Amino acid sequence: MSDTPNIVTGDTEAPTIEPPPDHGSGESQAPEQRRTLHELWLSGTEEPDWVRGATDEGAQELLPERAEPALATQRGTLVSDDYEVDDEIDDDERQIINMGPQHPSTHGVLRLQIELEGETVRRVKPIIGYLHTGMEKTGETLTWMQGPTNVTRMDYLSPFFNELAYSLAVEELLDVAIPPRAQAIRILMTELNRISSHLLFLATFGMDIGAVSMMIYGWRERELLLQFFEKTTGLRMNHNYIRPGGVAADLPDGWEDDVEDLMVKVPQGVSEYVELLNENPIFIDRTQGIGVITPEECMAYGVTGPTLRAAGVDWDLRKIEPYSGIEQYDFDVPVRKHGDVYDRYLLRLEEIDQSFRIVDQVLQTMPAGDYRSDDRKVTPPPRKRIDESMEALIHHFKIFTEGFKVPAGETYQAVESPRGELGVYIVSDGGAKPWRLHVRAPSFAHVQALPVLMTDSLVADTIASLASIDPVLGDVDR
Amino acid sequence: MAGPTQPPGFLLSTLEKGVNWARTRSMWPASFGLACCAIEMMATGAAHNDLARFGMEVFRASPRQADLMIVAGRVSQKMAPVLRQVYDQMSEPKWVISMGACASTGGMFNNYALVQGVDQVVPVDIYVPGCPPGPQSLMHGILTLQEKIMNGEIRREGVFTKTA
Amino acid sequence: MTDEANPSSDETPQEASPDTAPAATVDLGAEVIEISADEYLDVVARARAAGFESFVDLCGVDYLRRRPRYEVVVNLLSYESKQRIRIRVGVEGGDPRLASITSIFPGANFYERETYDLFGIVFEGHPDLTRILLPDDWDGHPLRKDYAVGSVPVQFKGAHQAS
């Protein structure tokens, strides 16, 4: 942490920090010294000021209702949950409870302020930022080739999709052609990743609903996929495998057998989930008609992915804006109509099947060839050439020290991640590092839409609603 | 057994061993999952790796019931006070495992948003390297902590000494 | 938008932005449109009326040496025509202000808060414009180019050993 965070780097106007607008909290917003955490304080002694005040800040207050027209519109007109509640509410009968940020069912460090009237949730305010990692800033300090290392840690349940969206955006600016084998490997890995992500959803969702054995089952199958990922990329998570120009390494020997093995074992496990949950009366009671979101609300709030498709909108970027040659594979986009928790669960089960269809086709039609582009812009010369040629050595050195340059411009590339539309917006100034790297995170929009799902429902259903949109807080906060 | 230079003597030394053994065999972690490492922490507790073999599978939601905090993931400046609060709510004796590069040092995110090492906020007993550490690494860290407790004293003093 | 050539992508961040067309002639069929802050609300409302009813993304960019210094980029999507539109709005530095589009797209709420948090762009008319990702008492707006990354020096050897 620097003591002087503001340094003027160019011939620009002096940086001005405008005071935040008055939002009704009444607290003074005097600029404070940059905090340092270097000193421990004794257990039991008086805490430093910033610790005491840090968990009840202005942005985290539930504002007076009149100050939040957006929430009011959600409550009044758009929500179509089943629970009828009286509009005449005595303020004394309401209480505000905090859920999180350290709570086992928040899937990380999400904090929800819930205003309850008895057992009914009247208002919800999601508070995020507890996992803000500054990745967009860090992305500006890393070269284009180092970028996937950074973005892969955003949505840590679908790292391949982050890398793919980033790589597609960089390749769009670079205008590099990707060989067919690299594209097929990308599709193979991302679709397997979709399966592993959905398996984790089933595990945590089951546990949140109360089916604790799902926790054991889901991880059991996911472990098989992770073993294949580890064999291919060297890591179980945060792979940094898909990079601008192709992928980091070719598939390992015998990958066909591994994938065939997966295609037998994982669906076997999934069939057990179906048996356990699909007609389980408790499960149905807790999920059907809960957390309803309509297509109109989805559009207004930017909700995408399985949540949108469960609401009845046939929208999958794999079909609409195909990437990495996914259009050559034959698969269906499952769509359901109720938009409730149960439909989202079923839809993800169906997506696992469809992803296996794609994986099967990739397995049958994996083209031979190079696993990365032979474009000299992004790919270092082969090892043999470095021994023979001085130019190749210099080229190799330059690629790995200062990195390659990307033509100036801006682009937005989106892929269909297991959670929804994952977009990467990149601005390049023609240098070796991104000028601006912005990630349009699906979970960010979903967390924002949580009040729509939860308002005027029962407090026990908030857990089901939250789990059903499968938020990843690394994706929300970045 | 206690030698001539160790004052506690036979009885206390045996008691110490007994207490330490009891502590290691029923250590309940507080579920403090933050980021990617939390997923691996859950994987450690799940079927394939089965943390229950070490008597530690009971991840408690309430810090009051936990002895061990596994800080699994990057700690942001906004989260640090919360983390400290959870730590203070845990009852003694308590231990902390810093899981992963981000929790230990800030990892690859050397920037404004992250606490560069959770040891600036809470005292850490064991650092587990990796990004994220695999279940085997975490289990090794847990076993190392058990070893540390077995070889340690019952009372721990001077944990919170100010560093220069 | 995957393959289509992007006419405005040749512009480097150092260059001044070209004169923008008046609101009445803004072509909503283009993939990327650049407008001024004055016509922003109007163009977004017309885009909404023209079928771009899904809000996708809103983010800020700091071009530092360019005028206007900031840019707010709004991504909209039409499920009907399967088209995207990217609206780039220049925002002057110094005291960056822009109208809020939360009345048109409630989904812009969090995105505008994020942009306010990280860039300090004030969205006028926003119902609850507070910091979202950083703590409320934070000083500065980290994604501005004149805000340091805030890294601490890493010592790889010779570090002081605490006894």
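A salt bridge is taken here as a side-chain nitrogen of Lys or Arg within 4 Å of a carboxyl oxygen of Asp or Glu. The legends below describe views of a predicted model.

**View 1. A salt bridge joins R478(A) to E114(C).** The closest N and O atoms of R478(A) and E114(C) are 2.4 Å apart, which means that the pair falls within the 4 Å limit. This contact crosses between chains: R478(A) belongs to the segment after α19 (473-477) of chain A, and E114(C) lies in helix α2 of chain C. Both R478(A) and E114(C) are buried. Elsewhere, E191(A), R194(A), R309(A), D316(A), R318(A), E351(A) and E416(A) are joined into one network by salt bridges that share partners.

**View 2. R88(C) and E410(A) meet in a salt bridge between chains.** The N-to-O distance for the side chains of R88(C) and E410(A) is 3.4 Å. R88(C) is contributed by strand β4 (residues 83-91) of chain C, and E410(A) by strand β6 of chain A. R88(C) counts as buried because its relative accessibility is 2%. E410(A), with a relative accessible area of 3%, is likewise buried.

**View 3. R122(A) pairs with E117(A) within chain A.** The closest N and O atoms of this salt bridge are 2.9 Å apart. R122(A) has a relative accessible area of 0% and is therefore buried. E117(A) counts as buried at 16% relative accessibility. Side chains of opposite charge can pair when their charged atoms come close. Over all chains, the count comes to 47 salt bridges.

**View 4. Three strands of chain A form an open antiparallel sheet.** The strand order is β6-β7-β8. Strands β6 (409-416) and β8 (436-440) of chain A are the edge strands, each pairing on one side only. From one strand to the next, the twist averages 15°. Strand β7 (residues 421-428) of chain A is joined to β8(A) by five bridges in the antiparallel sense. Y425(A) stands opposite H438(A), a residue of β8(A).

**View 5. Chain B contains an open parallel sheet of four strands.** The order of the strands is β1-β2-β3-β4, and the edges are formed by β1 (29-30) and β4 (126-128) of chain B. Two bridges connect β1(B) with strand β2 (residues 68-72) of chain B, and A30(B) stands opposite M69(B) in β2(B). Helix α2 (residues 36-45) of chain B packs on the sheet, where it touches β2 and β3 (95-99) of chain B, and its direction makes about 130° with that of β2(B). Along chain B, from the N terminus on, the elements follow the pattern α-β-α-β-α-β-α-β-α. Of the 164 residues in chain B, 54% are buried.

**View 6. N109(C) is a buried residue of helix α2 in chain C.** This helix spans residues 108-119 of chain C. N109(C) counts as buried because its relative accessible area is 13%. The C-alpha atoms of N109(C) and F123(C) are 9.9 Å apart in space, although the two residues are 14 apart in sequence. Chain C has an average pLDDT of 78, and 76% of its residues score at least 70. Over residues 1-25 of chain C, the pLDDT is below 50; this stretch has 58 contacts in the model beyond near neighbours in sequence. The model scores ipTM 0.83 and pTM 0.83.

How values were computed
Residues numbered from 1 in each chain as written. Chains lettered and ligands numbered in written order. Predicted model: local features only at pLDDT ≥ 70, side-chain atom pairs only at ≥ 80, totals over all residues. Heavy atoms only, no water. Buried < 20%, exposed > 50% of the residue type's maximum accessible area, 1.4 Å probe, protein only. pLDDT = per-residue confidence, 0-100. Contact = heavy atoms within 4.5 Å. Pairing = 2+ DSSP bridges. Axes fitted to C-alpha atoms, helices over the stretch in contact; angles between N-to-C directions.
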